[in-house]
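Subject: Handing over a structure

Dear colleague,

I am passing on the structure below, together with notes on what was found in it.

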Amino acid sequence: MLGSGGPGATGRAGSSYIVLVDGTPRILVDAGPGSFARLGEAKLSLAKVDVVLLTHLHIDHAGELPGLFKARAVSSNGPIRFQVFGPDGRKGSGDDASFPSTSRFVDLLFGPEGAFGYLRDFSAPMTIQPTDIPATVRTDATPAKVYADGDLVVSAIAGHHRDAPAVIYRIDHAGKSITFSGDIDAEGLPDLRRISRGTSLLVFNSVVLDPPGSPTILYTLHTPPKAIGEVAEEAHAGKLLLSHLSPVIDKSQEAVLASIARRYKGSVVFAADGLNVAP
Ligand SMILES: [Zn+2]
C-alpha cells in the first residue's frame, strides 16, 4: 500500500497500491499524490509494472501518474510500455463537472501536444496504451475481463462516485483475488456486489461515518460502515481492508469496526502507507 489516504494532506499519501504477483510488483492501482515517495520508501521496483488501473480521475487518485512514470523512465534501459485502464469520459451538465476519458487524460499528459509529451522519449522510449472502460452503472452489467497474462486476470465493472466516472477492479491470480471498490456511493454498490463475490481481499474506501455522523453531501460520494459490512458479508470476502481513510474514520475506528461487525464477521484491517497485505 503506497497511499492509504484521500484528498486532504493528513499525513497519508493519496490512494495508491502496488500489486505484487509471485513477489514481483506488476500492477499499479491508482496514483495519488505522495505515492512516489512511498514507492521509494517501500524499495519496490517499477521495472515490471506495465499495468495501471485508475479507479477514477480525481486528483487524489491520478495526480502522481507523471512522477511515477518518470521514475520508471529514469530506471529503465529498454523500451517501456504501459497499459493504462480507467473510466470513459463524461460531459458535465448543470453542477456536474466534465471528465475526460482515460485515453484523453493520457493524451493531455503524455501525448505529442501533452503537458509532459517529452517523456515519450526521455531516457527510454515509452508507449502508453490507454483503455477506456464504460463507467455508466447498468442494472444488467456483468464484470468484463480487461487484461489477462497467464492466470493473472483483471476484470472491471462500472462504479459510481457521484458525477465522476468510476471503475471497480478485481485482480485474480492463483486462486486469490483482490477487489478495489474505489471511491463509491450507494448507486455503485450493486456492481460492487457483482464483482466482489468470493473475493479474498476487499479493499473498501472508507470516508464517512454512519448517518448522520458525516456531512450529508458526502453520502452522495461515499459508503458508510454499515453498508460496507453488508457488502463484505454478502461477498463472503475473506478479509476487508479499509482504505482512503479520512481523519474522522481514524478518530472513530472502534465505532467503525462495531458497525461493520454487525454483519461482517471476517477480519478488518485499517490501511496504512507502507502496509503489506496478503490476500
Ligand atoms: Zn478519493
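Ser 16 stands opposite Ala 31 in β2, and this pair belongs to the contact of β1 with strand β2 (residues 24–31), which pair in the antiparallel sense over 6 bridges. Two strands are said to pair if DSSP finds at least two bridges between them, while the strands (E, at least two residues) and helices (H or I, at least four) are themselves DSSP runs, numbered from the N terminus.

Before going further, please note that this is a predicted model, in which local features need pLDDT of at least 70 and side-chain atom pairs count only at pLDDT 80 or more, whereas totals for chains, interfaces and linings use all residues. Residues are numbered from 1 along each chain as its sequence is written, and side-chain values use heavy atoms, with hydrogens and water left out.

β1 and β2 belong to an open sheet of 5 strands, which has the order β1-β2-β3-β4-β5 and mixed pairing. The edges are taken by β1 (16–21) and β5 (126–133), each of which has a single partner strand, so one side of each is left without a neighbour in the sheet. On average, neighbouring strands of this sheet are turned by 20° against each other, direction ignored; such angles run from 0 to 180 degrees between N-to-C directions, and the axes are lines fitted to C-alpha atoms, for helices over the stretch in contact.

Within this sheet, β3 and β4 pair in the parallel sense over 3 bridges, with Val 52 opposite Val 84 in β4. β4 and β5 also pair in the parallel sense, over 8 bridges, and here the bridge partner of Phe 85 is Thr 131 in β5. Of the 8 residues of β4, 6 are buried, so β4 is largely enclosed by the rest of the structure; buried means under 20% relative accessible area, exposed over 50% and partly exposed in between, with a 1.4 Å probe and protein chains only.

Helix α3 (residues 65–73) lies across β2, β3 (51–53), β4 (80–87) and β5, and runs at about 165° to β4, whereas helix α4 (residues 102–110) lies across β4 and β5 and runs at about 150° to β5.

Strand β7 and its partners

Strand β7 (residues 152–158) is mostly covered, with 7 of its 7 residues buried. Leu 152, Val 154, Ala 156 and Ala 158 point one way from β7, and Val 153, Ser 155 and Ile 157 point the other way. Strand β6 (residues 144–149) pairs with β7 in the antiparallel sense over 5 bridges, and Ala 148 stands opposite Val 153 in β7. The hairpin of β6 and β7 has 2 residues between the strands, and in this hairpin Gly 150 takes a positive phi near 60°. β7 also pairs with strand β8 (residues 167–173), in the antiparallel sense over 6 bridges, where Ser 155 has Arg 170 as its bridge partner.

Helix α6

In α6, 8 of the 11 residues are buried, so this helix is largely enclosed by the rest of the structure. What covers the buried residues includes α5 (189–195), β10 (201–205), β11 (239–243) and α8. Just after α6, His 236 takes a positive phi of about 55°.

With best wishes

Conventions:
Contact = heavy atoms within 4.5 Å.
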